[in-house]
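This report goes through a single protein chain, from its overall make-up to a few selected side chains. The sequence and model come first.

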Amino acid sequence: MLGTKAKVGRKQLLLFTSMILCSLALGRGAVQTSEPVVQVAENKPAKLSCSYSGFSSPRPPSYEDRVTFSDSGITFHSVTRKDTGMYTCMVSDEGGNTYGEVTVQLIVLVPPSKPTITVPASAAIGTRAVLTCSETDGSPPSEYFWFKDGVLMPTEPKNNRAFSNSSYSLNHKTGELIFDPVSASDAGDYTCEAQNGYGSPMKSDTVHMDAVELNVGGIVAAVLVTLILLGVLIFGIWFAYNRGYFDRAKKGTSNKKVIYSQPTARRDGEFRQTSSFLV
C-alpha cells in the first residue's frame with residue numbers, strides 16, 4: 001500500500017492508494033525524494049516527489065480530483081493555503097515485510113495582508129505597556145517589525161544609541177512589543193510591518209502613543225480628601241449620638257397623642273354625642 005499523510009495545522013489529511021505489490025526482496029525498501037521541501041504559490045500546481053526501489057510498480061487512482069498519484073509521487077492540480085503541511089510517503093508490500101517511507105514538506109506561499117495593531121493612546125511613565133501586531137493571511141507565517149517615528153526598532157535597544165533610553169522586548173514571531181517600564185522617550189508614532197519572504201511586506205496604520213507622568217501627588221491628595229470626609233461623617237454621627245439627638249427623636253415620636261372620637265348617632269329624633277378617649 002502506498003499512503004501519503006499530510007498534517008495541516010491540527011488536521012490530518014490521509015491520502016491512500018490501494019494496490020498489490022509483489023515483494024522482490026525481504027527487508028527495508030528504498031524510498032526517497034528529490035525535493036524534501038516544496039514551496040509553491042497558492043492556486044498553482046505542486047508535485048511532491050516520492051521514488052522507491054525494491055517494490056513493484058503501483059497502479060494508483062486520483063484523489064478527489066485534486067491529486068494525481070504516479071510512480072514518482074503525487075501532484076496537486078491547484079494548492080490552497082490549507083494544503084501546507086508535512087506529507088509522508090509510505091511504501092510497503094502486501095505482507096508488510098518490506099517497508100520504506102520519506103517525508104516532504106509542502107509550503108503554500110501566500111503574501112501577508114495588512115497587519116492590525118493595538119497601541120494605547122497614552123501610557124504612564126514607569127508602568128508596563130503592551131503593543132500588538134498581527135495578520136492572518138501570510139503563509140508561511142509572517143514575522144513582525146516595529147517602527148518608531150519611521151525608524152526600524154532594533155531587537156536589542158541598549159545596543160542602539162537612538163533607543164538606548166528605552167526598555168522594551170520585541171518578539172518578531174508574535175508581533176508583541178512590550179515596554180517595561182515606559183519612559184518619556186517612548187512617546188511617538190508606531191507602525192508595524194509584516195513580511196514572510198513572499199510578496200511585498202505590508203505595513204499597518206500609524207498610531208501615536210503618549211508617555212505621561214504618573215500624578216502621584218494627585219492620587220495621594222484624593223485619598224486624603226476621601227479619608228477626611230469619611231472622618232467628618234463618622235464624627236458627626238458620634239457627636240449627634242452623644243448629644244442625645246437620636247433619643248430625642250425617638251421620644252418625640254412616642255409622646256405624640258391621638259384623639260379618637262366616635263361620630264354622633266341619631267336616635268328617636270335626637271342627637272347623642274358619644275364619649276371621646278385619648279391615646
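The model is predicted, so local features are reported only at pLDDT of at least 70 and side-chain atom pairs only at pLDDT 80 or more, while totals for chains, interfaces and linings use all residues. Residues are numbered from 1 along each chain as its sequence is written, and side-chain values use heavy atoms, with hydrogens and water left out.

**Overall make-up**

The chain holds two helices and 25 strands; these are DSSP runs numbered from the N terminus, with helices being H or I of at least four residues and strands E of at least two. Of the 279 residues, 34% are buried (buried is under 20% relative accessible area, exposed over 50%, partly exposed in between, with a 1.4 Å probe and protein chains only). The accessible surface of the chain is about 17,700 Å², and carbon and sulfur atoms account for 56% of that surface. Accessible areas come from the Shrake-Rupley method with a 1.4 Å probe, and for residues only the protein chains shown count as cover. Contacts (heavy atoms within 4.5 Å) between residues at least 6 apart in sequence join residues at least 24 apart in 58% of cases.

**Salt bridges**

Side chains of opposite charge can pair when their charged atoms come close. A salt bridge here is a side-chain nitrogen of Lys or Arg within 4 Å of a carboxyl oxygen of Asp or Glu. The chain has seven salt bridges by this rule.

| Pair | Closest N and O atoms |
|---|---|
| Arg66 and Asp83 | 2.6 Å |
| Asp205 and Lys114 | 2.8 Å |
| Lys148 and Asp149 | 3.2 Å |

Arg66 is partly exposed at 27% relative accessible area, whereas Asp83 is buried at 5%.

Asp205 and Lys114 form a salt bridge. This pair links distant parts of the chain, 91 residues apart: Asp205 is in the loop between β20 (202-203) and β21 (207-212), and Lys114 is in the loop between β11 (99-109) and β12 (116-118). Lys114 is partly exposed, with 45% relative accessibility.

In the pair of Lys148 and Asp149, Lys148 is buried at 12% relative accessible area, and Asp149 is partly exposed at 45%. Glu42, Arg81 and Asp137 are joined in a network of salt bridges.

**A buried serine**

Which residues does the side chain of Ser49 meet through polar contacts? Its partners are the side chains of Thr33, at 2.7 Å, and Ser34, at 3.1 Å. A polar contact is a pair of N or O atoms within 3.5 Å; within protein, one must be able to donate a hydrogen and the other to accept it, and residues adjacent in sequence count only if both atoms are side-chain atoms. Ser49 belongs to strand β5 (residues 46-49) and is buried at 14% relative accessible area. Beyond neighbours within four places in sequence, Ser49 contacts Gln32, Thr33, Ser34, Glu35, Ser72, Gly73 and Val104.

**A nonpolar patch**

Leu214, Ile219, Val220, Val223, Leu224 and Leu227 form a nonpolar surface patch with about 540 Å² of accessible area together. Patches consist of residues with over 30% relative accessible area and no salt bridge, with like charges joined within 9 Å and nonpolar side chains (Val, Leu, Ile, Met, Phe, Trp, Tyr) within 5 Å. Leu214 lies in the loop between β21 and α1 (216-242) and is partly exposed at 45% relative accessible area.
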